[in-house]
Amino acid sequence: MNGKAPLVVVGDALLDRDLSGRAERLAPDAPVPVVDDCAERTRPGGAALAAYLAARDGRDVTLVAGVGDDPASRALRRLLEPWLTLVPLPLTGSLSEKTRILAQGRPVVRLDRGAGRTREATDAAREAVRTAPAVLVSDYGRGTADALRDVLAARPPLVWDPHPRGGTPAPGTRLVTPAEKEAHGLAPRDGTPRRDLHAAAHSAAALVRHWRAAAVAVTLGARGALLSYGEHPLLVPAPAAHHGDSCGAGDRFAATAAGLLADGALVAEAVEGAVDAASGFVAAGGAAAVPSADAEPVPPPDEDDPHALAARVRTAHGTVVAAGGCFDLLHAGHVGLLQAARRLGDCLVVCVNSDASVRRRKGGGRPVTPLADRVRVLRALACVDAVAVFDEDTPERLLADLRPDVWVKGGDYAAADLPEAALLQKWGGQAVLLPYLDGRSSTALMERAAEGAR
């Protein structure tokens, strides 16, 4: 037993397929890209993806969904069989398939086929929902939630992930999770909707009342999520802005929120955990990076691990930037330096001296701010992607592990004071100086504070 509560997912299963290749030329007979050397990969989609992700989190998962005996349904069964229990509902037509064609990792076109809908509920499905300790509804508008609406209404689910073509969530649902565009489209109209936080808050509050839900969390992509209980909303920002493949992020959000609620978390805690999980999901590559059915479970990536971050950025052919210092009293000069450093590449790792290292360099009265607080403040900056700590007098050993492409120091250093410059050259990196804002320094701040105290 791993201590995680079991979860029943009710919804519409899909089969997703990616054909990924390279596009370097146009077709001779039409101005369309030619995608060469396509690699094909299939994965669960829709409610099946939410259930699959929850199962790979280590949960005991049961999926109640319309699945037939067509080729797509058989392929989906093979993907799901090792990981969860499937309670199939009869399907009219063939299972819906969605095929994306990607070039250089970016979608070029999507092909849809199969319009199967859940025909009716079964006694086995009703019993699975009726006896479930926790239920997530992943409604893609293909009839499963409607077929089981009477059971869901009698026992409202923890989370309902809605779709514009689906029905309304069961009254009493603890958390409903529409995307921003869905929330604006589903909320009762009282004027022209705007795409901003005010409009999201207005739509969320209206949907709490309209759906008679305990709470609504509007997912805002790279901005995080806005949680409303009907009045003053809570904005849960994403830990970092990732603008990669967001396909499947909504399923990751809903599966995480439902699991956390099932484990006993408060709604706000569940939304915060779901935002973190969805952000990490996009950072790792989105749906295209969902592990295959035969892959062993691996721990989720630690978003605060600087070495893992540098490895991911290098794998994506990005530029890793590192900057170093004590950052004892963070001031405007530091912030300006770090913001400028972040603009030089695709991630910024800040290498910060430990308390012992600061004492050896600055004297017995330093640092003024202990390491844990310095790290927390640095991580809170939007321009900082990760923080690494070193205990030596210089960060050379840490840099040898990180191998950044660019190493940044403040302009109050001379070239002779940068022993790291020669080290960077060993792997083709570059050490650069960036100017500080004039008159800003930790020493000056402490001197002024001491004068004020006197």
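## Stop 1: a loop with a positive phi

Phenylalanine 327 lies in the loop between strand 16 and helix 11 (332–342). The model is a predicted one. Phenylalanine 327 has a positive phi of about 50°, although it is not a glycine. Most residues other than glycine have a negative phi. Is phenylalanine 327 buried or exposed? It counts as buried, because its relative accessibility is 4%.

Now select arginine 403. It sits in the loop between helix 14 and strand 19 (406–410). Its phi is also positive, at about 50°, and arginine 403 is not a glycine either. Its relative accessibility is 40%, so arginine 403 counts as partly exposed.

## Stop 2: the whole chain

Zoom out. The chain has 16 helices and 20 strands. Of its 454 residues, 48% count as buried. Take the contacts with a separation of 6 or more: residues 24 or more positions apart account for 64% of them.

## Stop 3: helix 10

Select residues 306–315, which make up helix 10. Which residues of helix 10 are buried? They are Pro306, Leu309, Ala310 and Val313. Look down the axis of helix 10: the buried residues fall within an arc of 95°, so they line one face of the helix.

Next, show what that face packs against. The partners of the buried residues are strand 16 (320–325), strand 17 (347–353), strand 18 (386–390) and helix 14 (396–402).

Check both ends of helix 10. Aspartate 305 caps the N-terminal end. One of its side-chain oxygens lies 3.0 Å from the backbone nitrogen of histidine 307. Histidine 317 follows helix 10 and has a positive phi, near 65°.

## Stop 4: helix 2

Select residues 71–80 for helix 2. Its buried residues are Ala72, Ser73, Ala75, Leu76, Leu79 and Leu80. These cover an arc of only 160° around the axis, which puts them on the same side of helix 2. Turn to the face away from the buried side: the exposed residues Pro71 and Arg78 are there.

The buried residues of helix 2 pack against several elements. Among them are strand 2 (13–26), strand 3 (33–46), helix 1 (47–56) and strand 7.

## Stop 5: glutamate 97

Strand 7 (residues 97–103) holds glutamate 97. Glutamate 97 counts as buried because its relative accessibility is 11%. Leave out residues up to four places away in sequence, and glutamate 97 touches Leu15, Arg17, Ala72, Leu111, Asp112 and Arg113. Ala72 is one of the buried residues of helix 2.

## Stop 6: salt bridges

Side chains of opposite charge can pair when their charged atoms come close. With nitrogen and carboxyl oxygen within 4 Å as the cut-off, the count comes to 21 salt bridges.

Select aspartate 36 and arginine 25. Their side chains meet in a salt bridge, at 3.3 Å from N to O. The pair links distant parts of the chain: aspartate 36 is in strand 3 and arginine 25 in strand 2, 11 residues apart. Aspartate 36 is partly exposed at 26% relative accessibility, and arginine 25 is partly exposed at 46%.

Move to arginine 130 and glutamate 127. They form a salt bridge, with the closest N and O atoms 3.3 Å apart. Why are they separated by about one helical turn? Because they are 3 residues apart in helix 3 (residues 123–130).

Then select aspartate 146 and arginine 149, another salt bridge with its closest N and O atoms 3.3 Å apart. Elsewhere, salt bridges that share partners join Arg17, Glu40, Glu97 and Arg113 into one network.

## Stop 7: a surface patch and a loop

Select Val108, Val109 and Leu111. They form a nonpolar patch on the surface, with about 230 Å² of accessible area together. Valine 109 belongs to strand 8 (residues 106–113). Its relative accessible area is 38%, so valine 109 is partly exposed.

Finish at alanine 214, in the loop between helix 7 (197–211) and strand 13 (216–219). Alanine 214 and tyrosine 229 are 15 residues apart in sequence and 6.3 Å apart in space, C-alpha to C-alpha. Setting aside neighbours within four places in sequence, alanine 214 is in contact with Thr173, Arg174 and Tyr229.

Methods: Residues numbered from 1 in each chain as written. Predicted model: local features only at pLDDT ≥ 70, side-chain atom pairs only at ≥ 80, totals over all residues. Heavy atoms only, no water. Patch = residues over 30% accessible without salt bridge, like charges linked within 9 Å, V, L, I, M, F, W, Y side chains within 5 Å. Areas by Shrake-Rupley, 256 points an atom, 1.4 Å probe, with all protein chains shown as cover. Helix = DSSP H or I, 4+ residues; strand = E, 2+ residues; numbered from the N terminus. Buried < 20%, exposed > 50% of the residue type's maximum accessible area, 1.4 Å probe, protein only. Arc of directions from axis to C-beta. Contact = heavy atoms within 4.5 Å. Polar contact = N/O pair within 3.5 Å; in protein donor to acceptor, adjacent residues only side chain to side chain.
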